[in-house]
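Here is a short briefing on a predicted model. It covers a surface patch, the nonpolar cores and the aromatic pairs.

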Amino acid sequence: MSSALILFAHGARDPEWAAPLRRVQAAVRDRAAGLPVEIAFLEFMSPTLADCAAGMVAGGANKILVLPMFIARGGHLKRELPEMLAALRAAYPDVEFALGDAIGEHEAVVRAMAGAALDALGA
């Protein structure tokens, strides 16, 4: 099975907004050489989730994890993203699409944010 990872982010009008996500993408690629890792955006930026998934499927991926790069599960992740995944599953029935938890809900990320907050305070 050929796995791939999509880092799914909100998007912004300012292209510099995506720089930290590109750093995460590069770090994942460094740690998992050969794993296709792309960034997809909900709005304002490209590629969209559908475009990103199409490219990965065309490249041979048959198991794709969509990892929301959001602090927490809000409306976009509760309503819009499940609808997007349902459309992808209908379009590519032979591909397994899995949805990860919002990145901000992972304990390691919570600890990292707490550490960064304390570092900012000078503690």
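On the surface, Ile71, Val110 and Met113 make up a nonpolar patch with about 250 Å² of accessible area together. Local features in this predicted model need pLDDT of at least 70 and side-chain atom pairs count only at pLDDT 80 or more, while totals for chains, interfaces and linings use all residues. Residues are numbered from 1 along each chain as its sequence is written, and side-chain values use heavy atoms, without hydrogens and water.

**Surface patch**
- Patch residues have over 30% relative accessible area and no salt bridge, and nonpolar side chains (Val, Leu, Ile, Met, Phe, Trp, Tyr) are joined within 5 Å.
- A salt bridge puts a side-chain nitrogen of Lys or Arg within 4 Å of a carboxyl oxygen of Asp or Glu.
- Areas are Shrake-Rupley values with a 1.4 Å probe; for residues, only the protein chains shown count as cover.
- Valine 110 sits in helix 4 (residues 107-121).

**Nonpolar cores**
- A core joins buried Ala, Val, Leu, Ile, Met, Phe, Trp, Tyr and Cys residues through side-chain atoms within 4.5 Å; buried means under 20% relative accessible area, exposed over 50%, partly exposed in between.
- The largest core has 20 residues; Ile6, Phe8, Leu49, Ile64, Val66, Leu81 and Phe97 touch the most other members.
- Apart from it lies another core of eleven residues, including Leu5, Val37, Ile39 and Met69.

**Aromatic pairs**
- The structure holds three aromatic pairs, with ring centres of Phe, Tyr and Trp (its six-membered ring) within 6.5 Å; planes under 30 degrees apart are stacked, over 60 edge-to-face, the rest tilted.
- Tyrosine 92 and phenylalanine 97 form a tilted pair, because their ring centres are 6.4 Å apart and their planes at 45 degrees.
- Tyrosine 92 is partly exposed at 23% relative accessible area, whereas phenylalanine 97 is buried at 5%.

How values were computed:
Patch = residues over 30% accessible without salt bridge, like charges linked within 9 Å, V, L, I, M, F, W, Y side chains within 5 Å. Helix = DSSP H or I, 4+ residues; strand = E, 2+ residues; numbered from the N terminus. Buried < 20%, exposed > 50% of the residue type's maximum accessible area, 1.4 Å probe, protein only.
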